[in-house]
Amino acid sequence: MPAPASTKRLRGVQIHRPFIFGSEAIPFDPANRPRDAPTDHTHRWRVFVRGIPTSNSAGQQQQSTDISHWLKKVQFKLHDTYANSVRMVESPPFEVEETGWGEFEIAIKFYFVPESGEKPQQLWHALKLHPYTGDIERQKADRTTVKSVCYEEVVFSEPVEPFYDLLTGGGEAGGQTRGKGGKSTKAANSGSLKTAEIPSKSNGANVWSKEEEGKELDRLAEAVKKVEKMIVDEKAQLVAEEKKLAQLEKTEGKLLKKRIPNNMQEAAMLGGGVL
Ligand code: SLL
């Protein structure tokens with residue numbers, strides 16, 4: 001019999017995993033309506049849950065980070081006007097494609113992998129079929145795809161050990177908050193590219209790395225040095241100017257006092273331009 005999975009929770013540890021969810025919709029081409037769509041339907045649409053889109057170094061399209069190592073399946077609850085309105089998607093891509101005529105709220109329920117011991121979580125997405133921002137008339141005329149996409153993060157608080165290992169050993173890099181005292185664990189230090197922390201080196205698909213972070217810190221330190229030097233220079237210049245001013249006051253000030261009647265001296269000092 002296999003040993004029971006550990007249920008020990010890692011105190012003070014939180015792991016965030018980002019994802020996007022949303023919908024894309026496009027009106028039927030009147031000249032080429034899908035034959036299988038009911039006559040009152042006007043749009044084809046898709047609702048989805050995906051990892052964060054990544055692009056390669058040339059900025060080209062487009063994959064997304066893997067979310068299936070923590071997300072087991074996704075249930076989309078459509079409007080009751082749809083046949084079989086509860087759609088369970090058991091593996092990626094986590095999406096449902098449909099046709100329809102109206103907008104409505106879709107309940108999206110996340111089921112996490114069994115190792116997580118986490119309960120399902122639900123969020124809502126408002127399906128958009130009609131343009132709602134920008135040049136609406138133009139978008140209608142062009143039959144532009146209407147997208148409504150949100151960024152979200154799931155937070156696993158004090159995950160059980162096997163799930164922590166799974167998250168830190170088998171997925172894309174993401175954010176991690178460490179336990180009190182900034183202590184890291186063996187899994188976080190495994191040196192694998194797939195970790196809860198950012199990878200040590202950049203590659204084409206991922207520009208976020210410890211290497212880049214280090215370079216950025218060097219650049220910041222350089223900039224701080226530069227600013228400190230500028231401050232020193234400014235101070236030196238200020239001292240020199242003050243000296244000059246004191247000198248001028250000694251020489252010119254006396255002259256001014258001699259030539260200008262009392263009531264005008266003040267105005268001259270205030271820069272009143274009386275002279
Ligand atoms: C509305 N409250 O009135 C919304 C409901 C329902 C959308 C929208 C087609 C379903 C079917 C469909 O688009 N339902 O296959 O009949 O706008």
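By class, how many nonpolar, polar and charged residues does the shell around the ligand have?

Modeller: The shell around the ligand has three nonpolar, five polar and one charged residues (Ala, Val, Leu, Ile, Met, Phe, Trp, Tyr, Cys and Pro count as nonpolar, Asp, Glu, Lys and Arg as charged, and the others, Gly among them, as polar). The model is a predicted one, in which local features need pLDDT of at least 70 and side-chain atom pairs pLDDT 80 or more, while totals for chains, interfaces and linings use all residues. Residues are numbered from 1 along each chain as its sequence is written, and side-chain values use heavy atoms, without hydrogens or water.

The residues that surround the ligand are H41, H79, T81, Y82, G100, W101, G102, E103 and F104 (each has a heavy atom within 4 Å of it). Some of these residues make polar contacts (pairs of N or O atoms within 3.5 Å; within protein, one must be able to donate a hydrogen and the other to accept it, and residues adjacent in sequence count only through side-chain atoms on both sides). The side chain of T81 places a polar atom 2.9 Å from a nitrogen atom of the ligand. G102 contributes through its backbone, where a polar atom is 3.1 Å from a ligand oxygen. From the side chain of H41, an N or O atom lies 3.0 Å from an oxygen atom of the ligand. The protein buries 69% of the 460 Å² that the ligand exposes when taken alone (Shrake-Rupley method, 1.4 Å probe).

H41 counts as buried because its relative accessibility is 12% (buried is under 20%, exposed over 50%, partly exposed in between, with a 1.4 Å probe and protein chains only).

E24 is in strand β1 and R46 in strand β2 (residues 43-50), so the pair links distant parts of the chain, 22 residues apart. Salt bridges with shared partners join E24, R44, R46, R50, E95 and E97 into one network. Within this pair, E24 is buried, at 18% relative accessible area, whereas R46 is partly exposed, at 23%.

The segment before β1 also takes part in such pairs. There, R11 forms a salt bridge with E158, with 2.5 Å between the closest N and O atoms. Because E158 lies in the loop between β10 (146-157) and α2, this pair ties together parts that are 147 residues apart in sequence. R11 is exposed, at 61% relative accessibility, and E158 is partly exposed, at 24%. A further salt bridge connects the side chains of K8 and E161, at 3.6 Å from N to O. K8 lies before β1 (14-27) and E161 in helix α2 (residues 161-169), so these two tie together parts 153 residues apart in sequence. K8 is exposed, at 53%, and E161 is partly exposed, at 28%. In the whole structure, a search finds 15 salt bridges.

Methods. A salt bridge is a side-chain nitrogen of Lys or Arg within 4 Å of a carboxyl oxygen of Asp or Glu. Helices (H or I, at least four residues) and strands (E, at least two) are DSSP runs, numbered from the N terminus.
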